[in-house]
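Here's a walk through one protein chain, from its overall layout down to single side chains. Have a look at the structure first, then read on.

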Amino acid sequence: LAWLKETFPVDPSDQVLMRTSISFDVSVWELMLSVLSGATGHIVSTDVSKDPFQLADFMDRRGITLAEFVPSLLGAIPLERRPKALKRIYIGGEPLPKGLADQVCAAWDVPMVNLYGPTETTIQITGAEYRGAGTGETVPIGGPIANATLYVLDSDLRPVPAGVPGELYASGPVLARGYLNRPGLTAERFVACPFGVPGERMYRTG
């Protein structure tokens, strides 16, 4: 949360959309980002959150400046219904199609923060700002956040050269302890980290 707030500044004038169910980890940063920065959080009902037209109207009425979306919901909001006060979009939960990102960035003139992180790594472990019209075929997920270290390794846990496919591993305080009452799965996915101090673990993202 401190990394998110410092890297993409939030201040008391911001109005934060709080649309995620408390059963999902993203709801934590929607709530705490407001608390830590002095911004105002706006809770939206489930019915409104699921309707792209009502959601766009809600954001306009409340002057929402910061909002998090999964790409499928963002893509359902017509480009002409841009929330007027919006100044930054956070993306997570699904891969971000480059075509959608380029369209929204161009039509709404706002940057996106593309965030990636499985549940086992406490919300997010990477992030990158995207302003559209990138040269690659995909939208980058960025580098590691504070308190996270990332490795791209082969099947023998050796680092692969740049450009060579491998499996992404994450280590650091962001890791969960494991799976409740599932020691076998915990041992399979949370493995010893050969690059850290004794006892350090890393998570196989798959």
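Buried area here is the accessible area, taken with a 1.4 Å probe, that two parts lose on being put together, summed over both. Keep in mind that this is a predicted model, where local features need pLDDT of at least 70 and side-chain atom pairs count only at pLDDT 80 or more, while totals for chains, interfaces and linings use all residues. Residues are numbered from 1 along each chain as its sequence is written, and side-chain values use heavy atoms, with hydrogens and water left out.

**Two domains**

The chain is divided into domain 1 (1-144) and domain 2 (149-204); such bounds come from an automatic or database domain assignment. The C-alpha centres of domain 1 and domain 2 sit 28 Å apart. Between them, domain 1 and domain 2 bury about 690 Å², and 73% of that is on carbon and sulfur atoms. On the domain 1 side, Glu-120, Thr-121 and Ile-125 supply 61% of the area buried against domain 2, more than any other three residues. If you count contacts (heavy atoms within 4.5 Å), 8 residues of domain 1 meet 9 residues of domain 2. How many salt bridges are there between domain 1 and domain 2? The count is 0, where a salt bridge means a side-chain nitrogen of Lys or Arg within 4 Å of a carboxyl oxygen of Asp or Glu.

**The cores**

Next, the greasy bits. A nonpolar core is a set of buried Ala, Val, Leu, Ile, Met, Phe, Trp, Tyr and Cys residues joined through side-chain atoms within 4.5 Å. Buried means under 20% relative accessible area, exposed means over 50%, and partly exposed is in between (1.4 Å probe, protein chains only). The largest core has 26 residues, and those with the most contacts inside it include Leu-17, Met-59, Phe-69 and Trp-108. At least two residues of this core come from each of helix 4 (52-62), strand 3 (66-69), helix 5 (71-74), strand 4 (88-91) and helix 6 (98-108). Helices (H or I, at least four residues) and strands (E, at least two) are DSSP runs, numbered from the N terminus. Helix 6 gives the largest share of this core, 5 residues. Leaving out residues up to four places away in sequence, Trp-108 touches a list of residues including Leu-74, Ile-77, Arg-81, Leu-86 and Ile-89. Apart from this core lies another, of 22 residues, among them Leu-66, Ile-125, Ala-148 and Tyr-203.

Is strand 9 (residues 167-171) buried or exposed? It is largely enclosed by the rest of the structure, because 5 of its 5 residues are buried. Glu-167, Tyr-169 and Ser-171 point one way from strand 9, while Leu-168 and Ala-170 point the other way. Two strands pair if DSSP finds at least two bridges between them. Strand 9 pairs with strand 8 (residues 149-153) in the antiparallel sense over 5 bridges, and Tyr-151 stands opposite Tyr-169. Strand 9 also runs antiparallel to strand 11 (residues 201-204), joined by 3 bridges; there, Ala-170 has Tyr-203 as its bridge partner.

**Tyr-116**

Tyr-116 is in strand 5 (residues 112-116) and is partly exposed, with a relative accessible area of 26%. Its C-alpha atom is separated by 6.2 Å from that of Ile-141, which is 25 residues apart from it along the chain. Not counting residues up to four places away in sequence, Tyr-116 touches Gln-124, Ile-125, Thr-126, Ile-141, Leu-168 and Thr-205.

**Salt bridges**

The total comes to 9 salt bridges. Here are some of them, with N to O distances.

| Pair | Distance (N to O) |
|---|---|
| Arg-131 and Glu-129 | 3.1 Å |
| Asp-154 and Arg-158 | 2.9 Å |
| Arg-158 and Asp-156 | 3.4 Å |

Arg-131 counts as exposed at 60% relative accessibility, whereas Glu-129 is partly exposed at 38%. Asp-154 is partly exposed, at 22% relative accessible area, and Arg-158 is partly exposed too, at 48%. Asp-156, at 53%, is exposed. Through shared partners, salt bridges join Asp-154, Asp-156 and Arg-158 into one network.
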